[in-house]
Amino acid sequence: MASLVQITSSIVPVALPEDLEERVIDAVTKAIGPSIGKDSDDFRYLSIAHCWDVERSRRAAVDSPAEAPAWYSDAQAYWDGIPPTVDGMLGGFEVLTKEDVKGSKSFLQKLWKKRPELGRGCAVDCGAGIGRVTKNLLLPLFEKVHLLEQSAPLIESAPNFLGKDGATRTTLLCQGMQAFEPSPATYDVVWVQWVIGHLTDADLVTFLWRCKAALKPGGVICVKDNTFGTSTDENGALECFCVDREDSSLTRSTEYFEAIFKFAGLEVLQKETQRSFPEGLYPVLMMLFVDCPQLELPSHRDLGVAVDFTV
């Protein structure tokens with residue numbers, strides 16, 4: 001069966017470098033201009049900085065470790081209560097699975113044609129739930145998969161869902177992405193699907209730094225997620241995100257995504273919109289990122305990656 005690595009305090013984020021959140025927000029604002037957003041209850045955020053100030057001030061809806069922000073403890077409480085089924089993982093849209101996997105597989109196959117140095121040894125499925133993507137996409141393409149999921153009830157259901165052969169090639173990591181510290185040069189592909197909105201901007205940047213260091217030569221980071229359609233208000237501010245109060249997540253616009261990834265020292269190698277999904281859903285974008293040469297700053301050498309604050 002799959003090996004389970006249980007990690008204590010799995011939702012507590014890795015400590016952030018001083019002033020990182022401010023630097024990230026400044027870089028995003030510089031890239032896309034003044035920005036506003038809303039939540040699913042139609043509360044209006046006056047800026048990206050205002051959004052994270054508001055979310056940081058919220059009290060958790062459930063008991064959680066004192067050092068765990070409500071943003072993460074509320075998200076974990078939501079997913080702990082979701083049925084460990086494919087329909088549960090997809091919010092009642094199990095019907096999406098066939099086209100989703102088809103689109104993702106085609107995306108990766110195009111990548112191998114243009115990047116033959118990309119290996120097929122090991123991939124990590126981030127925010128994997130019961131292993132829907134691991135089973136249907138990654139295990140058929142890679143020798144081994146690490147399944148990263150912070151919800152214990154979901155990850156405990158993974159071995160049965162994966163089946164005997166799939167489980168023997170899968171390592172289960174019970175931990176949140178905000179706390180994930182992978183070993184260097186471990187992964188050919190870091191796959192992040194429908195989960196990146198659970199990370200704050202600053203935690204997303206440090207997660208990406210750690211993932212860059214965990215890539216094997218030629219390795220890539222793949223992100224597949226909903227994107228928010230932008231609009232401009234009467235003052236010229238760009239509405240570019242929406243917070244989902246139910247599951248404590250944030251849907252970003254494509255521009256918002258790309259500004260953060262650029263700040264993290266990654267460049268887009270391949271980008272494609274998922275096809276054949278029902279109307280009325282958020283557009284789903286597949287983005288593939290690779291490391292690019294960066295200016296190393298002494299204050300971030302402890303992260304083992306180069307950082308450029310000049311975006």
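This is a predicted model: local features need pLDDT of at least 70, side-chain atom pairs count only at pLDDT 80 or more; totals for chains, interfaces and linings use all residues.
Biologist: What makes D188 and K216 a salt bridge?

Modeller: Their closest N and O atoms are 3.6 Å apart, and the rule asks for a side-chain nitrogen of Lys or Arg within 4 Å of a carboxyl oxygen of Asp or Glu. The pair therefore ties strand β7, where D188 lies, to strand β8, where K216 lies, across 28 residues of sequence.

Biologist: And D188, why is it called buried or exposed?

Modeller: Buried means under 20%; D188 is at 4% relative accessibility, so D188 counts as buried.

Biologist: How do you know that K212 and D291 meet in a salt bridge?

Modeller: Their N to O distance is 3.3 Å, and the cut-off is within 4 Å. K212 lies in helix α8 and D291 in strand β13, so this pair ties together parts 79 residues apart in sequence.

Biologist: Which class does each of those two partners fall into, K212 and D291?

Modeller: K212, at 9% relative accessibility, counts as buried. D291 has a relative accessible area of 45%, so D291 is partly exposed.

Biologist: What makes D100 and R132 a link between distant parts of the chain?

Modeller: D100 sits in helix α5 and R132 in helix α6, 32 residues apart. D100 and R132 are both buried.

How values were computed:
Residues are numbered from 1 along each chain as its sequence is written. Side-chain values use heavy atoms; hydrogens and water are left out. Helices (H or I, at least four residues) and strands (E, at least two) are DSSP runs, numbered from the N terminus. Buried means under 20% relative accessible area, exposed over 50%, partly exposed in between (1.4 Å probe, protein chains only).
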